[in-house]
Amino acid sequence: MSLEIVTFILGPAQTNAYLVADSQTRDAAVIDPAWDGKLILAEAQKRGWRIAHLWYTHAHFDHIGGAAEIADALNPLPLVALHPDDHILWRAGGGGAYFGFDIDPGPEPTIDLVHGQILRLGSVQFEVRYTPGHTKGHCVFYVALEKVCFCGDLIFQNSVGRTDLPGGDWDTLENSIRTQIFSLPDETRLLSGHGPETTVAHEKMHNPFVGGK
Ligand SMILES: [Zn+2]
Ligand SMILES: [Zn+2]
């Protein structure tokens with residue numbers, strides 16, 4: 001398989017941005033272009049990768065703050081994918097004003113994510129799983145053949161996404177984790193929106209919020 005993943009930790013919330021590519025075709029996407037888009041762009045250019053897509057797990061400002069800088073440097077513009085239930089949040093600048101950040105949200109999302117949809121990058125297939133609870137339109141991206149899931153702010157190593165911001169709901173979040181994450185193979189790597197990577201097995205055992213059952 002040819003999926004390559006470059007991880008960046010960027011911005012005021014130390015958000016993980018993932019530059020992903022099919023290294024054979026050099027087609028690339030950014031999952032959550034968190035901040036400092038120029039850094040992500042430079043890395044893609046160094047590797048000879050073409051960024052054609054920006055895929056958002058959700059529309060919080062700290063996950064999309066680098067989108068405008070990336071898009072400004074690309075022609076054609078990258079296509080932006082977001083679940084429709086997060087469009088209101090996107091239009092509101094990702095809720096940044098609440099934290100004192102006024103971001104340029106970049107190009108308008110034109111791909112509506114749907115549960116079960118397959119996003120393609122060269123020969124690599126990403127399955128969209130709808131996982132509300134942290135926000136109304138949160139999704140994760142699962143690459144079955146690589147046993148890896150990009151899970152945004154749904155679940156973290158030994159923690160879970162906060163549910164106290166607008167659109168958050170604890171019962172919904174817990175249900176999303178149990179049905180969409182704990183149903184994946186135990187060895188699946190979870191690449192979260194913040195903090196180090198973990199696995200499904202580790203979180204089933206040790207997560208203090210949803211594990212140990
Ligand atoms: Zn978030
Ligand atoms: Zn976040």
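**Close-up 1. The second largest pocket of this predicted model**. The second largest pocket holds about 150 Å³ of space, a pocket being an open set of points on a 1 Å grid over the protein atoms alone, where a 1.4 Å probe fits, with protein on both sides within 12 Å along at least five of seven lines.

**Close-up 2. The donors of the zinc ion (ligand 1)**. His-58 (NE2), His-60 (ND1), His-134 (NE2) and Asp-153 (OD) are the protein donors of this zinc ion, at 2.1 to 2.4 Å from it, where donors are N, O and S atoms within 2.8 Å of the metal (3.2 Å for Na, K and Ca). Asp-153 also coordinates the zinc ion (ligand 2), which lies 3.4 Å from the zinc ion (ligand 1).

**Close-up 3. The burial of His-60 and Asp-153**. His-60 has a relative accessible area of 7% and is therefore buried, and Asp-153 is buried as well because its relative accessibility is 4%; buried means under 20% relative accessible area, exposed over 50%, and partly exposed in between (1.4 Å probe, protein chains only).

**Close-up 4. The exposed residue Pro-76**. Pro-76 counts as exposed because its relative accessibility is 63%, and the C-alpha atoms of Pro-76 and Asp-186 are separated by 39 Å.

Residues are numbered from 1 along each chain as its sequence is written, and chains are lettered from A and ligands numbered from 1 in the order in which they are written. In this predicted model, local features need pLDDT of at least 70, side-chain atom pairs count only at pLDDT 80 or more, and totals for chains, interfaces and linings use all residues, while side-chain values use heavy atoms, with hydrogens and water left out.

Key: 1 Å grid on protein atoms, 1.4 Å probe; cavity = no way out; pocket = protein on both sides within 12 Å on 5 of 7 lines; lining within 4 Å. Points joined across faces, edges and corners; volume = space filled by probe spheres on them.
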